[in-house]
Amino acid sequence: MIRNYTAEQSSAISSLQLEGQTVSVSWHSNPEKVYSFQASPGMAIALEAVMIHGHGDGSLGRLIANARRCGDLQEVVAS
């Protein structure tokens with residue numbers, strides 16, 4: 001599942017891709033660079049819901065940042 005966001009929809013996130021528990025994110029500040037993360041099962045479900053139904057009054061960028069901070073999204077570093 002892939003969703004692109006305009007600056008009006010998200011001031012931070014340009015695109016979000018979810019394949020199972022693998023999450024790919026690009027930011028408006030550098031849309032050509034894609035960051036990959038491994039999501040916890042609960043976070044993958046939450047992101048899928050956000051991609052389908054929207055993120056309501058919350059900030060998508062804040063959701064991603066908080067998930068990274070608490071370990072629900074672990075960055076996958078290419079070797």
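This is a predicted model: local features need pLDDT of at least 70, side-chain atom pairs count only at pLDDT 80 or more; totals for chains, interfaces and linings use all residues.
**Exercise 1.** Find the order of the strands in the open sheet, and work out which strands stand at the edges.

*Solution.* Start with the order: the five strands run S1-S2-S3-S4-S5, with antiparallel pairing. Next, look at the two ends. Strand S1 (2–4) and strand S5 (73–75) each have a single partner strand, so one side of each has no neighbour in the sheet. Finally, zoom in on one pair: S3 and S4 are antiparallel and joined by four bridges, and Val23 stands opposite Phe37 in S4.

**Exercise 2.** Describe how H1 and H2 lie relative to the sheet.

*Solution.* Take H1 to begin with: this helix packs on the sheet and touches S1, S2, S3, S4 and S5. The direction of H1 makes about 125 degrees with that of S2. Then turn to H2, which lies across S2, S3, S4 and S5 and runs at about 55 degrees to S2.

**Exercise 3.** Is Met43 buried or exposed, and which residues does Met43 contact beyond its neighbours within four places in sequence?

*Solution.* Locate Met43 in helix H1 (residues 41–53). Compare its relative accessible area, 6%, with the cut-off: buried means under 20%. Met43 is therefore buried. Leaving aside neighbours within four places in sequence, the contacts of Met43 are Leu63, Ala67, Asp72 and Leu73.

How values were computed
Residues are numbered from 1 along each chain as its sequence is written. Side-chain values use heavy atoms; hydrogens and water are left out. Helices (H or I, at least four residues) and strands (E, at least two) are DSSP runs, numbered from the N terminus. Buried means under 20% relative accessible area, exposed over 50%, partly exposed in between (1.4 Å probe, protein chains only). Contact means heavy atoms within 4.5 Å. Two strands pair if DSSP finds at least two bridges between them. Axes are lines fitted to C-alpha atoms, for helices over the stretch in contact, and angles run from 0 to 180 degrees between N-to-C directions.
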